[in-house]
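Subject: Structure handover and notes

Hi,

Here is the structure for you to take over. Please load it first, then read the notes under it.

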Amino acid sequence: MKKPLIINIQKYSLHDGDGIRTTIFFKGCPLECIWCHNPESQEYNKEVLYNEEKCLRCETCIKKCPNNAIYTKENLICLDKENCKFCETCIDYCLNNAREIVGKTYEIKDLIKEITKDMMFYEESNGGVTLSGGEVMTQDIEYIKSLVILCKEKGINVAIDTCGYAKFENYEAILPFVDTFLYDIKLIDNEKHKLFTNKPNDLILDNLVKLSEKGANINIRIPLIEGVNVDRDNKEIIKIIDFIKFLNIKKVNLLPYHNIGMHKYKKLYMNYEGENLSRPSDEKLEEIKALFEKNNFNTKIGG
């Protein structure tokens, strides 16, 4: 059983399912959404996060790196990702904490210990634990299955936040132990889906139908982005409604686009490709919400 990398354990989360939750963010995702607000979750390997604003330019990290993975170029501190071995020497010698390693493994028992610390909050709010990402369903499924079984044995509600791009056998393996699937739908148009996420959506839509047929409790989550799936005539939204209205789905969360994760890209030596994206107006959001409600979906703007 391979231990996956985890980038964050977020306590008192209010937007990843019902009630107060602990959300565990796994590292690694098969999609490359250009609006991704957790770019540190895309790669399945560890990464170095570099905060240029904190950097003193003392170049101690360059001098101390045993693998010659750090260098200067045009007065910038750069990283050779192929040579970096994540030994953390640069972090140990960084005087201003400008560098950090993203991605840590946990024994399942240690995760359970963290999760159970907030049992009182779960019980009082009908909350629980949410496994998110990245994409949790592309991790070692035996690890994930063992984790959710232990949660259920302790009476903890379990939600899985998924983009749907994983083997259906993985969903089947944990289906008996999951209370809710928070299932992302971005686009029905396959070509547009490939354009904005670098992957087709056939597998995503097929898995959604199969989960519905298996009787899973599914909440649909839709990021709403001008120029991607929001336009004047709501064409893509209507396609989504037509696809899901005959499935076992009662609840829909509409998630307006935001760019609060944009600053992370620079820290990861990445370019942000979503600079021209924008949030729909409040009027447009209400218009879309009304379309879903007209089709008998319990609809909420926000997580």
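**Conventions.** This is a predicted model, in which local features need pLDDT of at least 70, side-chain atom pairs count only at pLDDT 80 or more, and totals for chains, interfaces and linings use all residues. Residues are numbered from 1 along each chain as its sequence is written, and side-chain values use heavy atoms, with hydrogens and water left out.

Helices (H or I, at least four residues) and strands (E, at least two) are DSSP runs, numbered from the N terminus. Buried means under 20% relative accessible area, exposed over 50%, and partly exposed in between, with a 1.4 Å probe and protein chains only.

**Annotated span.** UniProt, in an unreviewed entry, lists residues 15–298 as "domain: Radical SAM core". Positions are in the numbering used here, feature names are shortened, and such annotations may be inferred rather than shown by experiment. In the model, this span is 33% helix and 20% strand. Its end C-alpha atoms lie 16 Å apart.

**Nonpolar cores.** A nonpolar core is a set of buried Ala, Val, Leu, Ile, Met, Phe, Trp, Tyr and Cys residues joined through side-chain atoms within 4.5 Å. The largest one has 71 residues. Trp35, Leu131, Ile220, Ile244 and Phe292 touch the most other members. Helix H5 (residues 141–153) gives the largest share, 6 residues. Another core lies apart from it, with 14 residues, among them Tyr50, Cys55, Cys65 and Ala69.

What does Ile244 contact, beyond its neighbours within four places in sequence? The partners are Leu208, Ile220, Ile249, Val252, Phe292 and Phe297. Contact means heavy atoms within 4.5 Å.

**Helix H8.** Ile204, Leu205, Asn207, Leu208, Leu211 and Ser212 are buried in H8. Seen down the axis, the buried residues fall within an arc of 160 degrees, so they line one face of the helix. The arc is that of the directions from the helix axis to the C-beta atoms. The cover over these residues includes helix H6 (168–174), helix H7 (190–197) and helix H9 (235–244). It also includes strand S10 (180–184), strand S11 (218–224) and strand S12 (249–256). Just after H8, Gly215 takes a positive phi of about 85 degrees.

**Aromatic pairs.** Rings of Phe, Tyr and Trp (its six-membered ring) pair if their centres lie within 6.5 Å; planes under 30 degrees apart count as stacked, over 60 as edge-to-face and the rest as tilted. The whole structure holds 7 such pairs.

- Trp35 and Phe196: the ring centres are 6.4 Å apart and the planes are at 45 degrees, so the pair is tilted. Trp35 is in the loop between strand S2 (21–26) and strand S3 (47–50), Phe196 is in helix H7, and 161 residues separate them. Trp35 is buried at 8% relative accessible area, and Phe196 is buried at 12%.
- Tyr50 and Tyr269: this pair is stacked, 6.0 Å centre to centre with 10 degrees between the planes. Tyr50 is in strand S3, Tyr269 is in the loop between helix H10 (262–267) and helix H11 (282–294), and they are 219 residues apart. Tyr50 is buried at 5%, whereas Tyr269 is partly exposed at 29%.
- Phe168, Tyr171 and Phe181 form one aromatic cluster.

**Backbone points to check.** Most residues other than glycine have a negative phi, and most peptide bonds are trans. Which spots depart from that?

- The Gly133 to Gly134 peptide bond is cis, with omega near 10 degrees. Gly134 is in the loop between strand S8 (128–132) and H5.
- Glu74 has a positive phi, near 50 degrees. Glu74 sits in the loop between strand S4 (70–73) and strand S5 (76–79) and is exposed at 70% relative accessibility.
- Tyr269 has a positive phi of about 60 degrees, although not a glycine.

Lys63 lies in helix H1 (residues 60–64) and is exposed, at 65% relative accessible area. Lys63 and Thr22 are 41 residues apart in sequence and 40 Å apart in space, C-alpha to C-alpha.

Best wishes
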